Amino acid sequence: MFGLFKSDPTKKLQKEYERKLEQAMHAARNGDMRANASLTEEAEALRAEIEKLKKE
């Protein structure tokens with residue numbers, strides 16, 4: 001019954017993942033490939049964590 005009010009941790013991670021991908025896209029458009037690679041790597045780490053939480 002109280003699980004209804006429990007927040008879903010994957011929602012927060014999903015928003016952060018999408019935000020990182022958008023930042024990476026803007027960095028690539030501006031020609032900053034190092035920032036693009038760094039942000040993409042962070043986004044992929046978040047995606048892996050999301051997938052891990054979904055399996056539990």
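Begin by selecting Thr 10, which lies in helix H1, residues 9–29; helices here are DSSP runs of H or I with at least four residues, strands are runs of E with at least two, and both are numbered from the N terminus. The model you are viewing is predicted, so local features need pLDDT of at least 70 and side-chain atom pairs count only at pLDDT 80 or more, while totals for chains, interfaces and linings use all residues. Residues are numbered from 1 along each chain as its sequence is written, and side-chain values use heavy atoms, with hydrogens and water left out.

Keep Thr 10 selected and ask: is Thr 10 buried or exposed? Thr 10 has a relative accessible area of 15% and is therefore buried, since buried means under 20%, exposed over 50% and partly exposed in between, with a 1.4 Å probe and protein chains only.

Finally, zoom out to the whole chain, whose secondary structure comes to two helices and zero strands. Its radius of gyration, taken over C-alpha atoms, is 14 Å, well over the 10 Å that the globule rule (2.2 Å times the number of residues to the power 0.38) gives for 56 residues, so the chain is more spread out than a compact globule. The C-alpha trace spans about 50 × 20 × 10 Å along its principal axes, and 20% of the 56 residues count as buried.
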